[in-house]
Amino acid sequence: MPMPVEHELHKRRRSRNLGLLAVLLAFVALVFGLSVVKITQGDLMQGYDHRPRASMLPVDPDAPPRDGRAGPVAAPGTPAAAQEHEESGQ
């Protein structure tokens, strides 16, 4: 029984599929490379969960020191700012 001859349509489809494979592999390599770079620089990486964090607030140079060191300033409208306002008695 002779082998069936491959149609031209199948050849074109195969070349398109190989092109798509190359593009997808390049995308996967790009995402993997970016992930590796971000993980190796983990000390700079902080998640953001849409909540104020004291580590990101600026230090107020005019504020009285707490425990011998200057602390972060609470953003206005946050629970920490309301608590500081109550503690100061104003």
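Residues are called buried under 20% relative accessible area, exposed over 50%, and partly exposed in between, with a 1.4 Å probe and protein chains only. The model is predicted: local features need pLDDT of at least 70, side-chain atom pairs count only at pLDDT 80 or more, and totals for chains, interfaces and linings use all residues. Residues are numbered from 1 along each chain as its sequence is written, and side-chain values use heavy atoms, with hydrogens and water left out.

The protein chain holds two helices and zero strands. Helices (H or I, at least four residues) and strands (E, at least two) are DSSP runs, numbered from the N terminus. Of the 90 residues in the chain, 4% are buried. The accessible surface comes to about 8400 Å² (Shrake-Rupley method, 1.4 Å probe; for residues, only the protein chains shown count as cover). Carbon and sulfur atoms account for 63% of that surface.

Helix α1 spans residues 8-40 and includes L34. L34 counts as exposed because its relative accessibility is 52%. Together with F27, V28, L30 and V31, L34 forms a nonpolar surface patch of about 490 Å² accessible area. Such patches join nonpolar side chains (Val, Leu, Ile, Met, Phe, Trp, Tyr) within 5 Å, and like charges within 9 Å, among residues with over 30% relative accessible area and no salt bridge.

One salt bridge (a side-chain nitrogen of Lys or Arg within 4 Å of a carboxyl oxygen of Asp or Glu) was found in the whole structure. The side chains of E8 and R12 form a salt bridge, at 3.6 Å from N to O. Both residues lie in helix α1, four residues apart, about one turn of the helix. R12 is partly exposed, at 40% relative accessible area.
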